[in-house]
Amino acid sequence: MANSASVILVVEDEALLLWSIVEDLRDAGFDVFDARNADEALAKLESVPEIAVIFTDVNMPGSTDGLRLSAIVRDRWPPVKIIVTSGKEKPGAGVLPEGALFIAKPYFRDEVTAAIHAVLQ
Amino acid sequence: MPSTKVSDQDFAFLSGGGKLGLLIEKLDWSKSPLGPIRQWPQSLKTSVSIVLRSDVPMVILWGPTGVMIYNDAYSVFASNRHPSLLGSNVQEGWPEVASFNRHVMEVCLGGGTLAYRDQDLTLYRSGKPEQVWMNLDYSPLLDEAGKPAGVIAIVVETTERVAVERWRSSERDRQRQMFDQAPGFMAMLSGPDHIFELTNAAYMQLVGHRDVLGLPVRSALPEIVGQGFIELLDQVYTSGERFVGTALQASIQRTPSAPEEDRFVDLVYQPVRNPTGEVIGIFVQGVDVTDRLIAEDALRQSEMRFRTFAESMPNHVWTSEASGVLNWFNPRVYEYTGVQAGELDGGRWVSVVHPDDVARTADAWQQALDTGFFYETEFRVRRHDGNFRWHIARAIPIRSTEGEITQWIGTNTDIHDQKVFAQKLSESERRLQLSQNAAGISALELDIATGTVYGTDGFWDVWGLTERESVHISVLESIVIPEDRDVRSTEATRQSGTAQPNVEYRIRRPDTGEVRWLSRNIDFVYDTTGKPVKMFGVVQDISGRKESESRQKMLTHELEHRIKNILAMVAAIASQTLRNTDIETGRRVLSDRLRALAKAHDILNDTRWTDASINQVIASTAAVFPSQQIQIDGPPVPLTPKMALSLALAVNELGTNSLKYGALSSQDGVVAIDWSWDAAASDGLANLTWRWKESGGPPVGPPTRRGFGSFLVERVLAADFGGSVRIDYHLGGVECILVAPMAGPTMQDIPE
């Protein structure tokens, strides 16, 4: 784990999409962790304090979806930046935590890397 | 008279003298003015013996005080005074008539006699006053010296006879009174000149109370000379045969100095004969029938007016006897039926009534006759052309002044067109109702002032209410759910006519508690001042439509989501496929992968994205490879869309790899794809073991680099099936095994 690289956590239940974006972000020079659901994501956040950005899908199986996960992250790890993605409509005002960004699916690598750079500034 | 036995010679005169004979013998006379019986003079004894033996009530009053000695018959007359009366002085014995007896004593002791017939006396024989009538005869009795020494009285009570006579006399008075007061007029004429002997009050009234008694008819009633009555009287008098005349017209002066008046009389001239059979007079008896004739005439005229009226009426008019037998019809009936006049009388009327209506009509008629009330019924009557037309029959009873029904008058009115129209209207209403029912539409009418809502049949069912005539609007308002309160009409918006005309709101049905969507469209009806008075409208349960709309909306959202997911997958596949490769290879591989994805989509589209059959997914994906070298075998397994897609991609990767390096690259190579359920199941899950096994191809080894293809098979397939995937690169061929716990297999799918 290079000190210079920003640490990103990607949360996505769709294996194909998860692997694809993880590969893309690594190619773009980020240090990437992946999680298949909110529980896995919270465990990673606890064990890897260096995580600076969480990029999460909204629709996920299980009791906690991406929106609730975002709220938990904002509450417990205020410095962690949040980027949310969904194939559905953009959540209304007040639903996303303050400062969070939204990217609509399908997204492309450049969009995601640009968003990460934006939140990290 | 009972026999008596007298012991002494001195008492021999009392022998055979009845009860009084014995009483006289036993009485102590020594203290009376007469002294003991032994000292009585012979003249007294003789008189007593005569009196005692008589059946006529007799009494002897002896001496100046009139000592009383009487017989058995007198004792009956004396009643309760007997026996104390025996031996008493007459003026003390009968104190109530003392003065009368004093006079008797004076006259008879002076030698005179007295006789009274039906003498009226008041006696107190039984303690209370009693009016009696008597015949009384008093004569002097002479002593031995020939001088009056006493009085003998014969007393016969005539009360009974007098009473009868009195009654008879009052009876005559009554008869006379009856004669006088008889409603008919009566007169007795005597002699050949017909002189008035007797007239009654009615007769006097007839002739204007003129003083006719003692006068011959000719001069008593000069105005009737020449009218034929005197000639009739003459004829009866001479022939001795009575005359009876009815409705004879007579011109009579009924009030003095008034003009003559025409009267009509029914009369009888009855000859009166003397005991030898000679006609001596004529008894005239009759009735003034003028008023009756006038009344009859009026009735006749009224009847005639009724007939004229009834005959000119456009309706059928008929009359019936009180018994219900029809006896007259106006000409309209005959014109309508084409039947000859008179041929419908009695029971023949039935012949023109529709056979289906006869029994019902007869029942209604009989009921009207029984109750004496109004008659009304509808039936079909045959017209002359054979067509039956509906008529309404009505009849009322006509009653005499005594209240008895004398006849019925009825009418029949043609109501055929109205009836047919009403039937058509009702059929049309029914059709409208049926079409509304079929469309699930029901109609309502609201009276705004009262808030009363009337609905068609289906209306109540829509609202979950029981069938009824009407309901107050507040009931319906309370059924609309509170959240939609602002959508429905309110008292204010109805009054002002500003209620939304077309709205949709939800109700909670009171019967099932179910929430349903209603659509309601209304129109207002206004009065002349422009104020809304009624609200007409239709209501429809649109829950079904609402549900399908919302399902449609959901499906659209779902579809959008799915498309975006697919695009995300395509984007990911493209991104990974094109990484680190030349453009030509990348294009071919991407095209193959997208084709596999598209085929799986075809299958999912067929099942509307519910589930897909494992056989179909494998067969269609494998179809691009040499099919004769591929064996597919396994039980049916339903796959979720996600499983179907990843399995399709995995089979595509395995096939592509095999075609390049494995079994499918050689003509002798075989790929066996099979799957089965393991019995090792828990929590309702069973293990699906799916296998791709290549054989007969060139020897293979593990790949030098694990690319995207391996990732799709090992990671994506395993993840989407929630299981594990292992790929073995045996020398004889590649083997890929997926083991996944799955729900759904039925018992027969699981081997023993």
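Student: Where is the place of Arg254(B)?
Tutor: Good place to begin, and keep in mind that this is a predicted model. Look in chain B at the strands β8 (243-252) and β9 (261-273). Arg254(B) sits in the loop between β8 and β9 of chain B.

Student: How exposed is Arg254(B)?
Tutor: A residue counts as buried with 20 or more other C-beta atoms within 10 Å, and as exposed with 12 or fewer. Arg254(B) has 15 other C-beta atoms within 10 Å, so the class is partly exposed.

Student: Which residues does Arg254(B) touch, leaving aside those up to four places away in sequence?
Tutor: One position to look at is Gln205(B), which is 49 residues from Arg254(B) along the chain, with 7.3 Å between their C-alpha atoms. As for contacts, with residues up to four places away left out, Arg254(B) touches Gly208(B) and Glu261(B).

Student: How many helices and strands are there in chain B?
Tutor: Chain B has 752 residues, of which 25% count as buried. Among its contacts between residues at least 6 apart in sequence, 48% join residues at least 24 apart. Its elements come to 21 helices and 28 strands.

Student: And in what order do the elements of chain A run from the N terminus on?
Tutor: Chain A has 121 residues, and 40% of them count as buried. Its elements are four helices and five strands. From the N terminus, their order is β-α-β-α-β-α-β-β-α.

Student: Which element gives the most to the side of chain B that touches chain A?
Tutor: Start with the contact itself, where 15 residues of chain B meet 13 residues of chain A. Two elements of chain B, α17 (543-577) and α21 (708-721), each give two or more residues to this side. By class, the chain B side holds eight nonpolar, four polar and three charged residues. With ten residues, the element that gives the most is α17(B).

Student: Which residues have the most contacts inside the largest nonpolar core?
Tutor: This core has 80 residues. Its largest share, nine residues, comes from helix α20 (residues 641-661) of chain B. Apart from this core lies another one of 33 residues, including Ile69(B) and Tyr138(B). In the largest core, the residues with the most contacts are Leu9(A), Val617(B) and Ala644(B).

Student: At what angle do the axes of α18 (residues 583-606) and α20 of chain B cross?
Tutor: The two helices pass in a right-handed crossing. Residues making the contact include Ala596(B) and Ala600(B) of α18(B), with Ala644(B) and Ala648(B) among those of α20(B). The contact residues divide into ten nonpolar, two polar and three charged. The axes come within 9 Å and cross at roughly 145°.

Student: What covers the buried residues of α18(B)?
Tutor: The buried residues of α18(B) are Val589(B), Arg593(B), Ala596(B), Lys599(B), Ala600(B), Ile603(B) and Leu604(B). After the helix comes Arg608(B), whose phi is positive, near 55°. The cover over the buried residues includes, from chain B, α17, β22 (612-613), α19 (614-622) and α20.

Student: How many residues of α13(B) are buried?
Tutor: Helix α13 (residues 416-438) of chain B has 23 residues, which at 1.5 Å each should span 33 Å, and its end C-alpha atoms agree at 32 Å apart. Gly440(B) follows this helix, with a positive phi near 70°. Helix α13(B) lies largely in the open, because the number of its residues that are buried is zero.

Note on methods:
Residues numbered from 1 in each chain as written. Chains lettered and ligands numbered in written order. Predicted model: local features only at pLDDT ≥ 70, side-chain atom pairs only at ≥ 80, totals over all residues. Core = buried A, V, L, I, M, F, W, Y, C linked by C-beta atoms within 7 Å. Contact = placed C-beta atoms within 7 Å. Nonpolar A, V, L, I, M, F, W, Y, C, P; charged D, E, K, R; others polar. Expected span 1.5 Å × (residues − 1). Axes fitted to C-alpha atoms, helices over the stretch in contact; angles between N-to-C directions. Left-handed = near helix turned anticlockwise from the far one by under 90°.
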